[in-house]
Amino acid sequence: MARTIGRLTALKVDKAKRSGMYADGGGLYLRVTNEGTKSWVFRFRLNGRPRWMGIGPLALYGLQEARGKALDARRLRHEGIDPIDARRAGHMQELLEAAKAITFKQCAESYIKTHRAGWRNRKHAAQWEATLATYAEPIIGALPVQAVDTALVMKVLEQEVHDALDKPTAPLWTARPETASRLRGRMESILDWAKVRGHREGENPARWRGHLDKLLPARAKVRKVKHHAALSYDDLPTFMTVLRAQEGIAARALEFAILTAARTGEVIGARWGEIDIGEKLWTVPAMRMKAGKEHRLPLSARVVAILKEMKPLCQVSDGQNEADAFVFPGGKHGKPLSNMAFLMLLRRMKHDDLTAHGFRSTFRDWAAERTNFASEVAEMALAHTVSSKVEQAYRRGDLFERRWRMMTAWATFCATPKETTRNKLAILRQTS
């Protein structure tokens, strides 16, 4: 049966005051409430039962606009589609597209925020933020994460930068391979996170194996890995004599780091609660260790002397226990030494060719070439991971005692003038 369409006019719509339904035809109605508000509704039948679909208020949709929306709904019904379900699906798609429109920078920020608690220290999170902000965000930070593809990833990794020697510009991947490799891995993790959260689809364009390895040379082939600059152990006693003549907390902290063969972060982050001077023991908690395992370090007499020298300088903030105070306080109250303290000290000593981390290599070379201590003992003194079977074997025996003897011998070597070192070589060997 044909239906009359167009019963209403703009004047009739305007004059409709009584509450009720005013038919325009074809299933379109003007609904007036007791309060006088007016809106459009569309009536249709589904499986023999009537259904009503709201179109919108008269204030937003005039008569002609309402007729157009009703026509669209009738066309859907003609195709056997429920217009209410179609509209709901459209809304869901819009929400999905909006979710996918989240930018790479927003994903990066969310990823770091989510994983920050699981990282060992604040420095790790800061490195993530700095690397991404410097190299990735200027290129892809404002783009929807869904839009990041292989071409964009390559644009990030091949952007022009100055190399380590400040030579003319070169691609990031070849000029700074280690930084670029870490950047690629961080982008891969962020894009994986975005996919799991529903913000993107498809393969990860930053993955290495079977993808970018076909487009870029391996990092090891780009540039030979340059290890931290290290001092020859033969020159160490002379260096230590000069170091001990230096004043300041940074000098004592560097000497402490050399004598314990600890990492820079472990030293500057040391707190008094980790130190037992009576037992000559420093216990670094797992959360501050690279391998995520608690590390016990025996302390030689000279190290204990350094600690006693630092004790009067202990800075305790309001509401803080002495155990939480840093062993080597920085310039700001309640803060540790800066990460740059050792570098600046070495520069003042005219040794800007060295790094604090390099003294660990000096220690390892000395242990291998000047003593008979087992290599596993030296590796564990450095808090390196060794095979589980070896570790279990040494933990059952006298590992700590051997490490204490090793660190005592190391302290003796560091304090021995260079000209008498060879004469004491036999003594050092006997200690093992």
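**Entry 1: the sheet**

I began with terms: two strands pair if DSSP finds at least two bridges between them. Strands (E, at least two residues) and helices (H or I, at least four) are DSSP runs, numbered from the N terminus. The model is predicted, so local features need pLDDT of at least 70 and side-chain atom pairs count only at pLDDT 80 or more, while totals for chains, interfaces and linings use all residues. Residues are numbered from 1 along each chain as its sequence is written, and side-chain values use heavy atoms, with hydrogens and water left out.

I then looked up the sheet. It is open, with 4 strands in the order β1-β2-β3-β4 and antiparallel pairing. β1 (20–25) and β4 (49–57) are the edge strands, each pairing on one side only. From one strand to the next, the twist averages 30 degrees. Axes are lines fitted to C-alpha atoms, for helices over the stretch in contact, and angles run from 0 to 180 degrees between N-to-C directions.

Next I checked what packs on the sheet. Helix α2 (residues 63–78) does, touching β1, β2, β3 (38–46) and β4. Contact means heavy atoms within 4.5 Å. The direction of α2 makes about 15 degrees with that of β3.

**Entry 2: the hairpin**

I followed β1 into β2 (residues 28–32) and found 5 bridges joining these antiparallel strands. M21 stands opposite R31 in β2. G25 has L28 as its bridge partner. The hairpin leaves 2 residues between the strands, and G26 in the turn has a positive phi of about 70 degrees.

**Entry 3: T371**

I found T371 in the loop between α15 (358–370) and α16 (375–381). Is T371 buried or exposed? T371 is buried, at a relative accessible area of 4%. Buried means under 20% relative accessible area, exposed over 50%, partly exposed in between (1.4 Å probe, protein chains only). I looked at its side chain too. A polar atom there lies 2.6 Å from the backbone oxygen of A367. The backbone nitrogen of F373 lies 3.3 Å from a polar atom of the T371 side chain.

**Entry 4: the cores**

A nonpolar core is a set of buried Ala, Val, Leu, Ile, Met, Phe, Trp, Tyr and Cys residues joined through side-chain atoms within 4.5 Å. The largest has 63 residues; L236, F239, L254, W282 and M406 touch the most other members. Apart from it, I noted another core of 35 residues, including W119 and Y135.

How values were computed:
Polar contact = N/O pair within 3.5 Å; in protein donor to acceptor, adjacent residues only side chain to side chain.
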